[in-house]
Amino acid sequence: MSQAEAAIYRPLLHTIAYKIVGCSAIAEDMVQDTFLNWFKNEKKEVKDAKAYLISSVRNLSINHLKKKKDELFENMAPNLPSFRINSDISYLDIKQEISDSLAVILKKLAPAERAVFVLKEVFNFEYSDLPSIIGKTSDNCRQLLSRAQQKLTQEKERFALEPSKLSSLMSNFKNATLGEFEGLIKTLKEDISAATK
């Protein structure tokens with residue numbers, strides 16, 4: 001899994017870390033450390049990268065809180081230590097990573113595969129939610145996800161990248177990370193409809 005492909009999980013991992021540590025900057029630190037560990041160790045034997053990354057960021061976040069708690073008792077401080085804001089984080093870099101990831105998806109996956117991958121893998125939609133969006137049965141959606149995962153590990157690019165499509169997907173993807181899925185779902189459904197004509 002390349003860095004561009006892995007970065008598609010960043011919003012999900014950040015949400016998980018944020019729910020644990022309660023601070024966006026520290027949550028981003030946890031996500032960064034998760035990806036650093038992943039790429040440093042090259043976990044080729046891991047079958048489910050998403051589950052591994054979720055488990056890793058959760059463990060790092062919990063360990064962070066435990067460390068803070070230990071420091072509190074050691075120092076016998078009356079107040080919790082203030083959280084460090086990491087000024088080195090470049091949100092432009094994060095935006096570029098996600099853009100690159102979406103570009104990979106657009107170039108390697110057909111519209112239905114793309115829709116299932118983004119909704120199921122990135123945003124944790126249930127299979128029962130997908131038929132009304134994809135126009136396929138839940139079992140078909142499982143097959144589409146399996147094919148999508150395989151194609152993302154291959155070098156072959158099947159489609160030319162359309163900048164306007166990437167820009168639209170990026171904008172809707174950003175809104176979806178804030179809980180606004182209407183635009184993303186509409187875009188994905190339009191792409192599927194256009195491909196079947």
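This is a predicted model: local features need pLDDT of at least 70, side-chain atom pairs count only at pLDDT 80 or more; totals for chains, interfaces and linings use all residues.
1. The buried residues of helix H6 are Pro111, Ala112, Glu113, Arg114, Ala115, Val116, Phe117, Val118, Leu119, Lys120, Glu121 and Val122. That is 12 of the 12 residues of H6, so the helix is largely enclosed by the rest of the structure.

2. The length of H6 can be checked against its residue count. At 1.5 Å a residue, the 12 residues of this helix, 111–122, should span 16 Å, and because the C-alpha atoms at its ends are 16 Å apart, the two values agree.

3. Asn124 is placed in the loop between H6 and helix H7, which covers residues 131–134. With a relative accessibility of 38%, Asn124 counts as partly exposed, whereas the residues of H6, 12 of 12, are buried.

4. Ser99 belongs to helix H5, which runs over residues 91–108. Is Ser99 buried or exposed? Its relative accessible area is 17%, and because the cut-off for buried is under 20%, Ser99 counts as buried. When its neighbours within four places in sequence are left aside, Ser99 is in contact with Leu166 and Met170. Both of these partners carry numbers that fall within helix H9, residues 163–177.

5. Helix H9 in turn packs with helix H10, residues 182–195, at an angle of about 145 degrees and with the two axes 8 Å apart. On the H9 side, the residues that meet H10 are Lys165, Ser168, Leu169, Asn172, Phe173 and Ala176, while H10 contributes Gly183, Leu184, Thr187, Leu188 and Asp191. Sorted by class, this contact of H9 with H10 has 5 nonpolar, 4 polar and 2 charged residues.

6. Ala6 has its place in helix H1, residues 3–6, and is buried, with a relative accessible area of 0%. How far apart are Ala6 and Glu97 in sequence and in space? They are separated by 91 residues in sequence, yet from C-alpha to C-alpha the two are 9.2 Å apart in space.

Technical notes
Residues are numbered from 1 along each chain as its sequence is written. Side-chain values use heavy atoms; hydrogens and water are left out. Helices (H or I, at least four residues) and strands (E, at least two) are DSSP runs, numbered from the N terminus. Buried means under 20% relative accessible area, exposed over 50%, partly exposed in between (1.4 Å probe, protein chains only). Contact means heavy atoms within 4.5 Å. Axes are lines fitted to C-alpha atoms, for helices over the stretch in contact, and angles run from 0 to 180 degrees between N-to-C directions. Ala, Val, Leu, Ile, Met, Phe, Trp, Tyr, Cys and Pro count as nonpolar, Asp, Glu, Lys and Arg as charged, and the others, Gly among them, as polar. The expected span of a helix is 1.5 Å times one less than its number of residues.
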